[in-house]
Amino acid sequence: MVQTLPRRVADERPTIPILTASEVTAISAAALDEARKRLQQIEAVPLDQITPANVLDEWDRATIVLEDAFGPISLLNSVHPDKSVRDAGDDAIIDESSFVTELFQNEQLYERVRSVPPTSISEKQLQKDLLEAFEDSGVALPTEKRARFKEISERTTELAQEFARNIRENDTRLTFTPDECEGLPPSWLERVPRDENGNIVVGFDYPDYIPFMTNSRDERARKRYYIAYTNRGAPRNLEILDEIVALRKEIAQLYGVPSFAHYVTKRRMVENPETVMKFLDEVRSVVTEAEMRDLAQLSEMKGENINRWDMLFYRERLREKRYAIDQEALRKYFPTSAAVSWMLDISERLYGVRFERVDLPTWHEDVVYFDVLDAESGGFIGGVYLDLYPREGKYKHAAAWPVRGVSRKTARQPISALVTNFNRDGLTHDELETLLHEFGHVLHGILSHTEYNEHSGTSVERDFVEAPSQMFEEWASRLESLQLLRQHCPACPEIDESLVKRLNAAAKFGAGIDYGRQWLYAVFDMSLSGPAPRGALETWSEMEGATPMGYVEGTAFPATFEHIASGYAAGYYGYMWAKVIALDLVSAFGADLMNQSVGRKLREIILSRGSEEPARDLVERFLGRPVSSDAFFARIIGE
Ligand SMILES: [Zn+2]
C-alpha cells in the first residue's frame, strides 16, 4: 500500500507563490545563498565521518531550497500574464543553471558523495545519479575544459530561453477574408476578432490555427497560414539552433565522445545512440508502407496530390465521410469543464485519490486549484493547478510543470501544474487525448511518494517520462472510461459503442502519417546531435524533402522545434520509445481500463516510485516480464 501523510489544515497547504518581478529576483538570490550555505556544510564534513544522512539527506534538503524558489519561477516564467515577471524568470533561471553547473564541478562535494556508504535502494540510486551529474558537468575534466563546459552550459540555457521566448511572445496576426474562412464552424467565426473591413484576424494559438487548417475550404489561404505558422520562430531561432548544436558538439569533444548523442544517451534507458538508430530503423521499416497507404487515400479524396497544408483538412473530410466523425461536432460531447471533471473522476477511481476544489490566489483568474487527497485515509497528498485557456504571452503548447517534488524524509508534498491552450467551450477528440496526456504527467508527479525529493515523479529517465502520459491518452478511446463522461454532463449526447468504434477507426486512420512524422522528427534530432551536424534548416529541408510530400519552400519548421532547443535534444526518439512501454502498460488492463486493482498496482509499483529505481526494473516488475513492442507496431500498421 502507498503510505500517506496526515491531512493538513488548509493554511498549511503548500502553494505556488504569485511573485512580482522584484520578488522573483529576490527569492532567486536568497535561495541560491541558502543552498550555497547548506552545500558548504556538506563540503565541510570530514571524509572519515561521511554518512548517507550528512551528505545525501543534506544534499536533498539543499536542492529543496532551490526547488522552493525555482519550481514556481520556472512555471511563472512561461505563464505569468505580466511580461516583466516572465523576463525576471529568464534571468533567475540563468543564475540557477550557472549555480548548478558550479555545484556539480565542485571536487570537494564530488569526493563526499563518492565516499557515502549507501544503505538503501534510494540512497544507492541518489548517489549514482549525483555522481553521474558530476561527471556530466565536467568535474573530472582538466580545469580549462571544465571552465569551457560551464560557459557552454550557461550559453545554451540562455539560447534555449531566447528560442522559447521568440515563439511565446510572437504576436504576428494574419488577416483572412470571409471567403477564405468558408467552411469554418459558426462558433469559431463568432469568437475570432475582425478588423474594420470585416476580415478575420488570427494569431498562432491552437484554437485559432487548428480549426482553420481543418476546415477552411480555401487551399491558398491554408497554405499561407501554414507557411506563416512554421515561421513563428524564424529567422532568429534558426541561428540560435545552429549555435546550440555547435555548442553541443563541442561538449562531445570535451568528453572525447563521437557525438552529443553519445554524451546524452548513456544516461537513458537506451544507453547508446546505436540502440536509438536501430529502434528508429525498425520503426521506419513498418511506417513507410503505412504512410504511403494513408497518403494515397487522402490524395484520392482530394483528386490530386496532397500537400502539407491539406493534411488536417482532408483527414477531417475523410473522417467525416468514412466514419461520420466531425471534430467540431465532438466538442458537444466533450465540453471543456465537463471533460476536466471527468478526467479527475477517472483518475480518482483508478488510483484511489480524491480531488477537492479550493479557492486560492493564482496567477490568472482562469486558473483553478485542487487538493489531492488519498481516498482511503483522507490524507493530504498534494496540489494540482490547471491553467487551461490561451492568453497573450502565455506558453503556447500543452505541458505539465512539476513545480514541487515529494520527499518522505522531509514530509514534503508535491504540486504539479497543467498548462494547455484549449477552446473554452469544448474539446475535439484529439484535444481530449492531449488533456489526458498532460494530466498523466501531473499524476506521475502527484502520486510519487519517494524518499528523496530528487527522485520525484517525472525525474525519471527522459526516454521513459512520456510513458505514463502516453498511457493515459488511451482512456480517451475506450467505452468503459468514456461512458462515465455523461455523469459530468447529463445534457451531453451519449457516447455509445458505435461512436467509440468510429472514433477509434478514425484515429487509426493516419497512424502511418503520424508515426512517419514522429520518425522524421526523431531522425532529424539524432542528426543534429550526431557526429557531424550541419545547419538545422539545411538538414531539415533535405530530410523532409526526401519524404513523400517533400519540403515546402519558405517554411522553417526547425525554428519552432522547442523540444530539441531544450532538454529533449538527442531525446525526441523517447516519445516513440516510451510509447512502446505505454501501450504495453495499457495491455495489463486487459479489456477494462477502469480496473481499479490494476490502477492501484500501477500507482504502487511505478508512479509512486519516481526515479528511485531504473524505469526498466519498475516496468518489468509491474508487467512480470520484459517489455514487448507488439502493441506499438500493431498501432502503426493500424491493426
Ligand atoms: Zn508529454
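P207 counts as buried, at 8% relative accessibility; buried here means under 20% relative accessible area, exposed over 50% and partly exposed in between, with a 1.4 Å probe and protein chains only. You'll find P207 in helix 8, which covers residues 206–215. Helices are DSSP runs of H or I with at least four residues, strands are runs of E with at least two, and both are numbered from the N terminus.

What does P207 touch, once residues up to four places away in sequence are left out? The list is W188, R191, P390, N421, F422 and N423, where contact means heavy atoms within 4.5 Å. Take N423: 216 residues separate it from P207 in sequence, yet their C-alpha atoms sit 5.7 Å apart.

## Where the numbers come from

This is a predicted model, so to speak of local features takes pLDDT of at least 70, side-chain atom pairs count only at pLDDT 80 or more, and totals for chains, interfaces and linings use all residues. Residues are numbered from 1 along each chain as its sequence is written, and side-chain values use heavy atoms, with hydrogens and water left out.

## D371 in strand 4

D371 belongs to strand 4, residues 368–374. Is D371 buried or exposed? It's buried, with a relative accessible area of 2%.

The side chain of D371 makes a polar contact of 2.7 Å with that of Y369. A polar contact is a pair of N or O atoms within 3.5 Å; within protein, one must be able to donate a hydrogen and the other to accept it, and residues adjacent in sequence count only if both atoms are side-chain atoms. Setting aside neighbours within four places in sequence, D371 is also in contact with R13, R354, F355, E356, V358, F380 and G382.

## Helix 24

Helix 24 runs over residues 596–605, and V598, G599, L602, R603 and I605 are buried in it. An α-helix has 3.6 residues a turn, so residues three or four places apart point the same way. At the start of helix 24, a side-chain oxygen of N595 comes to within 2.9 Å of the backbone nitrogen of S597.

## The whole chain

Zooming out, the protein chain holds 26 helices and seven strands. Its radius of gyration is 24 Å, close to the 26 Å that the globule rule gives for 639 residues, so the chain is as compact as a globular protein of that length. That radius is taken over C-alpha atoms, and the rule is 2.2 Å times the number of residues to the power 0.38. Of the 639 residues, 59% count as buried.
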